[in-house]
Amino acid sequence: FKIKNFKPLLLLAMMAFFIMASEGAIVDWSALYLKTVVMVKLSWLGLGYTVFSATMAFGRFLGDEISKSLGSRKLLLIGFVLASLGFGFVLLVNPFLVIFGFGLVGLGLSVIIPELFRLGGKTPHLDTSVSISFISGVGFLGFLTGPVVLGFLAEKSSLKLSFFALLIFIIISFFAALLLKRK
């Protein structure tokens, strides 16, 4: 165990933190966002999360094949672009665009975590299990703490600002992915 061996994983772990924080926020906050910000009918409250989950599952099923043809770096960048566009639609506050936006976010984020695990597993000087455990541990920390931090931000300002913060997380992750080597 040497700390310097984990240095190549820090960028991947940061992206995992932001992505899983975004996933956790949608799990916890999408219905409230639809209710308080978009003001949809009560029967629509679960639709955002449902569409997000459906597109997330769809993307996870197809992600490996797409990764084989495009490569991990391109797939990450495409995923970040789709998720950014999705959060952009969510922030427009039109019910149909918000639901569509949640779907785009799910599709975009679906391929990112598996690709981060794949890249982490190829880290030299570390066992695959150690690399993936590190990335997933930091990611789950984001999944658990992200919604809490965003709830605090929503309490102090607004829920819409919290979703804007999620967009910023995705944009930061996009630029971090640009720093990855083109292997």
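Reader: Hi! Let me take contact to mean heavy atoms within 4.5 Å. Leaving aside its neighbours within four places in sequence, which residues is S162 in contact with?

Author: Hello! S162 is in contact with L150, L153 and A154, once neighbours within four places in sequence are left aside. Before we go on, this is a predicted model, where local features need pLDDT of at least 70 and side-chain atom pairs count only at pLDDT 80 or more, while totals for chains, interfaces and linings use all residues. Residues are numbered from 1 along each chain as its sequence is written, and side-chain values use heavy atoms, with hydrogens and water left out.

Reader: Thanks! Where is S162 found, and is it buried or exposed?

Author: S162 is in helix α7. Its relative accessible area is 2%, so S162 is buried (buried is under 20% relative accessible area, exposed over 50%, and partly exposed in between, with a 1.4 Å probe and protein chains only). Helices here are DSSP runs of H or I with at least four residues, strands are runs of E with at least two, and both are numbered from the N terminus.

Reader: What else in α7 is buried, and what covers those residues?

Author: Among the buried residues of α7 are L159, F163, L166, F169 and I170. Their cover includes α1 (9-38), α3 (72-90), α4 (95-110) and α6 (128-156).

Reader: What span should α7 have, and how far apart are its ends?

Author: Helix α7 covers residues 159-178, which is 20 residues, and at 1.5 Å a residue it should span 28 Å. The expected span is 1.5 Å times one less than the number of residues. The end C-alpha atoms of α7 are 29 Å apart, which agrees.

Reader: Let's zoom out. How many helices and strands does the chain have?

Author: The protein chain has seven helices and zero strands.

Reader: And what is its radius of gyration?

Author: The protein chain has 16 Å, which agrees with the value near 16 Å for a compact globule of 183 residues. That radius is taken over C-alpha atoms, and the globule rule is 2.2 Å times the number of residues to the power 0.38. Along its principal axes, the C-alpha trace spans about 55 × 35 × 25 Å. Buried residues make up 46% of the 183 residues.

Reader: How much of the contacts with a separation of 6 or more comes from residues 24 or more positions apart?

Author: They account for 80% of those contacts.

Reader: New topic: loops. Which loop holds M39, and what is its phi?

Author: M39 lies in the loop between α1 and α2 (47-70). Its phi is near 60 degrees, a positive value in a residue other than glycine. Most residues other than glycine have a negative phi. M39 is exposed, with a relative accessible area of 64%.

Reader: What about H125, what is its phi?

Author: Phi of H125 is near 70 degrees, again a positive value in a residue other than glycine. H125 sits in the loop between α5 and α6 and is exposed, with a relative accessible area of 69%.

Reader: Last one: is S72 buried or exposed?

Author: S72 is buried, with a relative accessible area of 12%, and belongs to helix α3. Leaving aside neighbours within four places in sequence, S72 is in contact with S67, E115, R118 and L119.
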